[in-house]
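The following note is intended for a colleague who is meeting this structure for the first time.

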Amino acid sequence: MNVFLVLAHPEPQSFNGALFDTAARALAAQGHTVATSDLYRMRFDPVSDRRNFTTVKDAEVLKLQVEEAWASESGGFAPDIEAELRKLEACDVLILQFPLWWFGLPAIMKGWVDRVLAMGRTYGFGHIYDSGKFRGKRAMLSLTTGGPMPAYEKGGFNGDMDAILRPIQRGVLQFVGFDVLAPQIHYGPVRVDAATRQAWLAEWERRLATIAEEPAIAVGPY
């Protein structure tokens with residue numbers, strides 16, 4: 001199985017970094033092929049503009065979807081985007097690792113989504129949701145929060161975590177055809193001791209041992 005891990009955290013020694021490293025090591029030890037993108041260490045540029053392309057469809061007005069569709073036809077993506085697209089297209093499972101910031105993806109990972117999930121190459125022209133380009137592949141979110149679990153339950157002061165994640169799980173992953181696995185959520189790792197964090201890493205590794213057989217969850221439309 002080919003697994004693609006994408007990390008968005010500025011500190012390699014963070015708990016997100018530890019989750020990313022644990023996943024990469026454990027999956028490789030199981031015999032899976034692991035591709036990685038550590039966005040901060042790569043200095044990935046999240047700004048989407050004409051630098052996404054080596055081709056030009058309309059030099060007068062920039063319409064990103066038009067340029068993406070043309071680049072998809074003509075092999076015109078910039079080398080950094082093409083490299084990410086190839087890792088994405090090769091994977092059987094995509095895992096996005098990130099801290100939940102302002103109820104969403106960190107800017108660098110949102111920029112990765114904006115630039116890499118290009119029209120024509122990853123969606124569009126009848127290829128969305130059940131007919132998406134990544135149909136038959138699976139994706140999951142692995143994330144951390146600042147607050148404790150009760151804050152993200154129904155009736156909690158931050159609101160329902162399922163609702164918070166729906167724009168990503170439905171509006172990004174399912175939109176391009178991925179089946180979605182249950183998110184791996186670690187609530188408030190800064191609020192617990194080192195022994196608890198180590199136990200969480202061991203639990204994560206155990207889950208990854210059976211990820212090839214894990215069923216998708218129902219996210220559904222809004």
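**Notes on the structure**

1. The side chains of His-32 and Gln-30 are joined by a polar contact of 3.3 Å. A polar contact is a pair of N or O atoms within 3.5 Å; within protein, one must be able to donate a hydrogen and the other to accept it, and residues adjacent in sequence count only if both atoms are side-chain atoms. The model is predicted: local features need pLDDT of at least 70 and side-chain atom pairs count only at pLDDT 80 or more, whereas totals for chains, interfaces and linings use all residues. Residues are numbered from 1 along each chain as its sequence is written, and side-chain values use heavy atoms, with hydrogens and water left out.

2. His-32 is placed in the loop between helix H1 (15-29) and strand E2 (33-38); helices (H or I, at least four residues) and strands (E, at least two) are DSSP runs, numbered from the N terminus. His-32 counts as buried because its relative accessibility is 16%. Buried means under 20% relative accessible area, exposed over 50%, and partly exposed in between (1.4 Å probe, protein chains only). Leaving aside neighbours within four places in sequence, His-32 is in contact (heavy atoms within 4.5 Å) with Met-1, Val-3 and Leu-27.

3. Arg-115, in helix H5, counts as buried because its relative accessibility is 3%. A polar atom of the Arg-115 side chain lies 2.7 Å from the backbone oxygen of Asp-45. Not counting residues up to four places away in sequence, Arg-115 touches several residues, including Phe-44, Pro-46, Arg-51 and Asp-80.

4. Which residues touch the most other members of the largest nonpolar core? They are Leu-94, Phe-98 and Trp-112, in a core of 44 residues. At least two residues of this core come from each of E1 (2-7), H4 (79-90), E3 (93-99), H5 (107-116), E4 (138-145), H6 (161-174) and E6 (184-187). H6 gives the most, with six residues. Apart from this core lies another, of 17 residues, among them Leu-5, Phe-15, Val-93 and Trp-204. A nonpolar core is a set of buried Ala, Val, Leu, Ile, Met, Phe, Trp, Tyr and Cys residues joined through side-chain atoms within 4.5 Å.

5. Helix H3 (residues 64-74) has Glu-67, Glu-68, Ala-69 and Ala-71 as its buried residues. H5 is included in what covers them. Gly-75, which follows H3, has a positive phi near 65 degrees.

6. Leu-201 is found in helix H7 (residues 194-208) and counts as buried because its relative accessibility is 10%. Apart from neighbours within four places in sequence, Leu-201 is in contact with Phe-15, Ala-18, Leu-19 and Thr-22. The C-alpha atoms of Leu-201 and Pro-79 are separated by 34 Å, the two residues being 122 apart along the chain.

7. The lining of the largest pocket comprises 13 residues, of which Phe-15, Asn-16, Thr-144, Pro-189 and Val-190 lie nearest its centre. H1 and E4 are the elements giving two or more residues to this lining. On a 1 Å grid over the protein atoms alone, a pocket is an open set of points where a 1.4 Å probe fits, with protein on both sides within 12 Å along at least five of seven lines; lining residues have an atom within 4 Å of a point.
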